[in-house]
Amino acid sequence: MSKIVLSHIDKYYGENHVLRDINLTIEDGDFMTLLGPSGCGKTTTLRVVSGLEKPQKGTMTIDDRPAIDADKAFYEAPAKRGLNLVFQSYALWPHMTVFQNVAFGLKIKKMKKAEIEETVMRALKTMRIEEYRDRYPNELSGGQQQRVAIARAIASSPKLLLLDEPLSNLDARLRIDMRAELKRLHKETGTTIIYVTHDQVEALTMSTKIALFKEGEISQIDTPLGLYTNPIDLQAADFIGNPRINFINARGFYNGDTLTVKSEFGTYVYPHNTVKTDEEIPENEEFDCILGLRPEMVDIYTEDPHHKNTVEARIYANQPAGSETLVTLTVGSTEFLAIQVGLVEYDMNQKVYIVLHPGRMNVYNKKTGRLIKYAKAKHKAGIDD
Amino acid sequence: MAKNRWKRPPMTKERLKNQIQNVIGNPFNVIVLITLLMLFIFIVIPLLTMVLNTFTVTRGSAEMARRVDPGVMPGDYSIWAWKFLFGSENFVSTGNMGLRGTQIYTNLLEPLFHSLTIGFFVTVISVPLGALMAWLLVRTDIPCKGLLSALILVPYMIPSWCKALSWLSVFRTPKYGGYYGLLTGLGIPVPEWLAYGPIAIILVMVLHYYAFSFIMVSGALRSINSELEEMGEIQGASKAQILKSITLPLVLPSILSATIMTISKSIGTYGVAARLGNTIQYFVMATKMKYFLESQQTAAVGYIFSMLMIALAAGTILINQKLIGTRKSYATIGGKGTRSNLIPLGSSKWPMLILLTVFIILAMFMPLFFLVMESFQIVPGKGYHLDNLSLYAWIGSLENAPNEQFNQSGLFRNVEFFRSLWNTVKLSILGSLITAVFGQFFGYITTRGRGKWYGNAVEQLIFIPYLMPGVAFAAIYYSLASNYIPSLVGSFMLILIVSVVKHFPFASRSGSSNMMQISVELEEAATINGAGFWRRILSIVIPLAKGGFLSGFLLSFISIAKELDLIAILMTNSENYTLSFLSFNYSKEAMPQVADAICIIIIAFILITNRIADRFGGNVSKSM
C-alpha cells in the first residue's frame, strides 16, 4: 500500500533551478517510469522521493502522511519513508559479502538472527543468487551484482522501490533478461516502483505509467501506449520511438469544427472530437503544421492496392536488417522512413504504392510545437483510419 | 537551466524548529562545526597572536624596547621591534662600507640574501637534475631500471641534517670542528669555503631536494599517453623535437611546481643551514630567526622574521597556484595506450647510467658509509685502521673511554638516549595517530562538502600550515606559549601540538584521496537502509578507509620521527629532546660519533617503516 503525491516540488542547486514545479501522483502498485535525456531532473526527483535530496519548495505525501513540507523545513528521514533504492552504480559495500550486504538493513532494524537469515535467503532466492551468499561483490559479474543490489533493496519488503537506471551498466543481452526479471518482480510483489531511465524501450516495455521529463519539468504523464501514440510535443515525439517518427510539413486550416491538413500525401479532414481544443490553434486561417507519421504505419505495395489512402512513392534507400527492413521513401519533395517486417528487397528509385492511415497520424502546430490532433492507437483504429 | 534564485519562505515557528532539528540532529553538522572551531583555535589564533606579539613589550624585552621607544613598560603596545629592524638609523652606514656597514644589512639583508642565494642555486641544480632522472627512469630504456628506481628515492628518506653531519665527517676542519674530518685526517687540506657555508649547504640540499622535481615530473610523465608522442613520430618529428615540443610542454606545469616547492623549502630549511653555516657566522633567514628568538630581549624581532619567511614561502606557493592553476590538469590520461613505449637511448645509455649511479653513490651510499664509519671511530678523521675503531659510541661506558675528550657513555648506556628514544616513539605514535585520525575527518568533510561553504573553509584553513616553513611555524606557537601560557614552553604537549598541526595539510590530503575512493552512494545506500551517521562511519567508512588510514599514519609517523626543523626552537627542556634534536645537539659538542650513531638509528627506522607503509599502498612521494 503506497500512494505517493508530489506537489509543486522545486529544487535548486545554487542558482541552478533543476526541478521546476514537479507534480506527480504515483498510485499504489504503479510501475512509474521517469523518462528523459540526461540532466533533465529525473534522478533528482527520485532522490527527492527517497529523502536523499531536500527540495526548497513543495510537499510530498506517502499514503496521505506528510514526508516533505519544504515551507516548514520538514523532511522525513529516508529510512522512515518505507522505501528502498537501487543505485545506478549498485553501491554494494565491497567489504561485505552478499549475505552481509542484504542483511545490513535488517540488522539495523534489530531483526532476530534467525529471521534475518530467512529474510535474506528469501530475497536471494527471488533474485536467484542464493549460491553466491558468501561471495564478495568484486567476485561477481555485473549482472550478479545487479541482482544483489535488487535483493538488498527488496529484503526489507519496502512499500516503494526506487530504481535509478539500474540496467545502464549491463550489456544489451543481460539488459533484456533483467527487464523481464524486474517486470516479474513487480507483478509478484505488487510493490509500487519508481524507475528512472533514459532508455525509452525500457520505459515502454516495463511501465504502467511514464512521466516524461524535459529540462526539469514534467512534460507528459501517460501510459506507455498513450505516450507512444500521442506525444504531447514535437520533442517528445522525436524522443519516443525507434526508429524515429517522421515529421511531414503540412498546412492546416481549422474552422472551429473540423481540422483540414494538406500535405504532399493529400488532404485529410479530421472531425472535431479528435482535435485537442485546449491547445493554441489559429481559427479560420491557414497555418503551418506538422504531421507525425510513425515508420510502422506505412504499408508498402508494389502493385496498386486500390485503397482510398494510396499514394505513389519512390524508393530512396533500402536497409534490410534481418527481422525488419528500413525503407527510405520519397513522395514529391517529402522524404520519410518506413519499416517493414522481414527481409524485403527494393531497387533504388523503384516506384511503389504506399497506404497511409491519416487517423493514426498526429498533427502538431509548428509554431508552438504542441500536439493539436490526437492519433488513434492501432488496435482502436478502424480499417480506414 | 534557468538562473533565478529561490525565495526563502516566511519563517514560522514550526519551520524554525524543524530547521534547528535538521542541523543539530545531524552529527555531521556538529562535527563540521567542531572542526572549524578547532582549526580556528590552532591555526588562526596562534598566527594572529604572533602578529600581535611583535607589537607587545614583555618583561624580557622592556629594556631593549626602551632603547628604541623610551618610556614603554611591559604590557604596552609599541612598534619597537619593527623600529629595531627597520628604523631609519639602521640604514645609516658606519665607516665607508656602504650598505654592508648598515644595521639593516647585518640583521636582515644579509641573511635574506644568503637564503635567496641558497634557494636559487639549490633550485637551479636540483630541479633539472630531478627532472632528467625522472625522464630517464620513466620514459627511456636505461639498463638496471628496477634497481635504480628502487634506490632513487632512498636519499630523500635520509633526513637532510643527517647528510649535513655526514658532510662534516668528511670535510670538517680542525679550526672550527675541533676534530679532523676524513680529508684533513688524510693530510688533504680542505678549504674553509668548501667545508662550511653556502657551497656546502647548497650541495647537501641538492642531494635532498632533487626529490621534489623527481617525484612531480615522474608523476606527470607517467600520466602522458604515449600515443601523443607516437603521433609526433608519425608526423615525422625527431626524438629531440618530440621531447622539446610534446613531452616538455606537457610536464612543464609539474616542473614549475617543483621549482616553487624547492625554492620555498630550501629557503625555510633550518638544520642544514645551522650545522654548516653557524660555525662560520654564515646566517640565513631561519638561523637568524633562531638567533633572535634565543634571547628574551629580541624574541619579537624573531617573530617578525617568522612573518617574513611565511610571506616569502606563502608568496611563492600562491604565485605557483596562480600560474599553474589553470594549466595544471591536461587530460593526458586516455583509456588506452597508457602503456608507454620506451624511448631507446642508444649510445648515450652508458653515460646516463653512470650519471645515475654516481648520484646514488653520492647521495645515499657515501653519506651512510661515512656516518657508519665515523660512529665506530675513536678519534674522528684519524682513518679507518683497526686501532682507531671501536664500538664505544654504541655501547662503551664513560670510565673506560678510549678518548679523553669523550664526555658521554656510548649510546646504549646513555640515559639521555633512551629518554629521547622514548620521547621520539611517544611523539611519533601519538602525533601520527592524532594527525591521521583528524586527517580522515578533514578528508571526509572536504570531499563530502566539496563546493559547499564549509568544505571550502576547512580546505582553506588546513592549507595554511603548508604555506609556512617549519621553523617559522614553530615560532608562532613559541610566541603564543611564551607570552600567554608559559607552562607550555618546552613542554611535550607543545611539541606534540606543533607536530600534529603542521602535518594537517598532508594528512588531510591523504584523507581526502582516501575518502574520494569511497563513493557517496555507498553511504546513501546505508542511509536508505536506516543507518545513522555514526553507524555509517563505523560500518561503511572506517572498514573501507582502513588501508589508506594506515599508510597515512605510517607516512606521518616517518615524517614526525625525523623532524628537526619544526621542533628545534621548541627544545628548551632537555627532558623532552627527541632523537633528531639529541643528535643535532651532540654533533655540536665533542661527540660526533654518538650523533652519527643516532642518525643511523633514525635512518634505519625510517627505511623500515617506509617498507611497511609501502605494503599498505603508502608511498614516500605522497608525504611531500
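Predicted model: local features only at pLDDT ≥ 70, side-chain atom pairs only at ≥ 80, totals over all residues.
In what kind of crossing, left-handed or right-handed, does helix 12 of chain B pass helix 14 of chain B?

## Overall form of chain B

The secondary structure of chain B consists of 28 helices and 0 strands, and the C-alpha trace of the chain spans about 85 × 75 × 55 Å along its principal axes. Chain B has a radius of gyration of 27 Å, which agrees with the value near 25 Å that a compact globule of 624 residues would have.

## Helices 12 and 14 of chain B

Two packed helices are described by the angle between their axes and the distance between the axes. Helix 12, which covers residues 198-223 of chain B, packs against helix 14, residues 239-268 of chain B, at an angle of about 155 degrees, and the two axes are 9 Å apart. Because angles over 145 degrees count as roughly antiparallel, helix 12 of chain B and helix 14 of chain B are described as roughly antiparallel to each other. As for the opening question, helix 12 of chain B passes helix 14 of chain B in a right-handed crossing.

On the side of helix 12 of chain B, the residues that make this contact include Met205(B), Tyr209(B), Phe212(B) and Met216(B), while those from helix 14 of chain B include Leu250(B), Val251(B), Ile255(B) and Met261(B). Sorted by class, the contact of helix 12 of chain B with helix 14 of chain B has 12 nonpolar, 6 polar and 1 charged residues.

## Helices 25 and 26 of chain B

Another pair is formed by helix 25 of chain B and helix 26 of chain B, which pack at an angle of about 135 degrees with their axes 10 Å apart. That angle makes helix 25 of chain B oblique to helix 26 of chain B, and the crossing of helix 25 of chain B and helix 26 of chain B is right-handed.

Helix 25 of chain B contributes Leu522(B), Glu523(B), Ala526(B) and Thr527(B) to the contact, and helix 26 of chain B contributes Arg536(B), Ser539(B) and Ile540(B). By class, the contact of helix 25 of chain B with helix 26 of chain B has 3 nonpolar, 2 polar and 2 charged residues.

## Where chain B touches chain A

Between the chains, 28 residues of chain B are in contact with 31 residues of chain A. On the side of chain B that touches chain A, helix 1 (13-24), helix 25 (520-528) and helix 26 (533-562) of chain B each supply at least two residues, and helix 25 of chain B gives the most, with 7 residues. The residues of this side of chain B divide into 12 nonpolar, 9 polar and 7 charged.

## The sheets of chain A

In chain A, an open sheet of 6 strands has the order 7-8-9-3-10-11, with mixed pairing. Its edge strands, each of which pairs on one side only, are strand 7 (83-86) and strand 11 (217-222) of chain A, and the twist averages 15 degrees from one strand to the next. Strand 7 of chain A runs parallel to strand 8 (residues 160-164) of chain A, and 4 bridges join them; Leu83(A) has Leu160(A), in strand 8 of chain A, as its bridge partner.

Chain A also has an open sheet of 5 strands in the order 2-1-4-5-6, in which the pairing is antiparallel. Here the edge strands are strand 2 (16-26) and strand 6 (74-75) of chain A, each pairing on one side only. Strand 1 (residues 4-13) of chain A pairs with strand 4 (residues 57-62) of chain A in the antiparallel sense over 5 bridges, and Leu6(A) stands opposite Met60(A) in strand 4 of chain A.

How values were computed:
Residues numbered from 1 in each chain as written. Chains lettered and ligands numbered in written order. Pairing = 2+ DSSP bridges. Axes fitted to C-alpha atoms, helices over the stretch in contact; angles between N-to-C directions. Parallel < 35°, antiparallel > 145°, perpendicular 65-115°, else oblique. Left-handed = near helix turned anticlockwise from the far one by under 90°. Contact = placed C-beta atoms within 7 Å. Nonpolar A, V, L, I, M, F, W, Y, C, P; charged D, E, K, R; others polar. Rg over C-alpha atoms; globule rule 2.2 N^0.38 Å.
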